[in-house]
Amino acid sequence: MALPEKIKNIIFDLGDVIINIDVPLAARSFAQLCGQEETEVLELFKEKELFRQFETGKLDEAAFRTYVREILKQEHWDDAAINKAWNALLLDIPPARIELLQKLKERYRLFLLSNTSSIHIAEVNQILESTTGIPRLDGLFEKLFLSYEMGLMKPDPEIYHQVLLEAGIRAEETLFLDDNADNIRAAAEIGIHTIHVQKPTTILDYLKDYVA
């Protein structure tokens with residue numbers, strides 16, 4: 001781990017770093033709605049690359065919902081039902097993590113880099129506001145780098161190069177936290193310092209020396 005004094009910038013992943021998530025809950029919710037097995041729904045989503053297409057912006061919200069109806073053969077589903085099932089994986093945002101970000105912001109440039117979708121970001125903002133009173137994620141970070149806006153997903157090395165370029169920061173002065181080992185490995189390979197966030201340890205533990 002890089003020493004705090006060497007770091008000027010910190011990039012955070014979103015899921016299971018800032019907000020707790022349970023990814024299988026989305027497939028489970030869709031399965032319950034359509035009466036199919038969770039594994040069957042998940043296989044269909046993987047086969048059709050639903051996550052990747054939506055989270056790289058190849059599908060907008062309307063096209064995503066239409067594709068879900070088509071894949072699961074549920075033409076009668078309304079938008080709200082699909083959004084609710086898709087957002088089922090989003091759990092809670094512990095207030096202590098937000099307090100940590102606010103302290104870190106006094107000393108470091110903070111950025112968010114997430115493989116995500118517009119529907120998820122809207123829901124995260126609602127959870128954030130109900131939990132902390134902060135209406136939007138961009139109130140916590142200098143800039144949000146979101147896969148669906150960038151047309152790229154981690155662990156593609158290009159996404160890290162683009163973040164460094166757009167933020168005007170140097171890899172050797174930057175720390176990246178993510179819960180996915182492949183994402184961490186790809187960032188480390190281009191010289192970014194990394195922390196692999198692994199439950200039950202949280203950013204409160206990993207970054208305690210950065211606010212000391």
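This is a predicted model: local features need pLDDT of at least 70, side-chain atom pairs count only at pLDDT 80 or more; totals for chains, interfaces and linings use all residues.
Residues are numbered from 1 along each chain as its sequence is written. Local features need pLDDT of at least 70, side-chain atom pairs count only at pLDDT 80 or more, and totals for chains, interfaces and linings use all residues, while side-chain values use heavy atoms, with hydrogens and water left out.

**Exercise 1.** Find which residues of helix α1 are buried, and what covers them.

*Solution.* Next, look at the cover: it includes α2 (38-47), α4 (61-72) and α5 (79-86). Finally, step just past α1, where G35 takes a positive phi of about 75°.

**Exercise 2.** Work out how α4 and α5 are oriented to each other, and which residues make the contact.

*Solution.* First, the axes (lines fitted to C-alpha atoms over the stretch in contact) come within 10 Å and cross at roughly 90°. Therefore α4 is roughly perpendicular to α5 (65 to 115 degrees). Then list the contact (heavy atoms within 4.5 Å): F64, R65, V68 and R69 of α4 meet D79, I82, N83 and W86 of α5. By class, that gives four nonpolar, one polar and three charged residues.

**Exercise 3.** Determine the sense in which β4 and β5 pair.

*Solution.* Strands β4 (residues 174-178) and β5 (residues 193-196) pair in the parallel sense over four bridges (DSSP must find at least two). Within this pair, F176 stands opposite T194 in β5.

Conventions. Buried means under 20% relative accessible area, exposed over 50%, partly exposed in between (1.4 Å probe, protein chains only). Axes are lines fitted to C-alpha atoms, for helices over the stretch in contact, and angles run from 0 to 180 degrees between N-to-C directions. Angles under 35 degrees count as roughly parallel, over 145 as roughly antiparallel, 65 to 115 as roughly perpendicular and the rest as oblique. Ala, Val, Leu, Ile, Met, Phe, Trp, Tyr, Cys and Pro count as nonpolar, Asp, Glu, Lys and Arg as charged, and the others, Gly among them, as polar.
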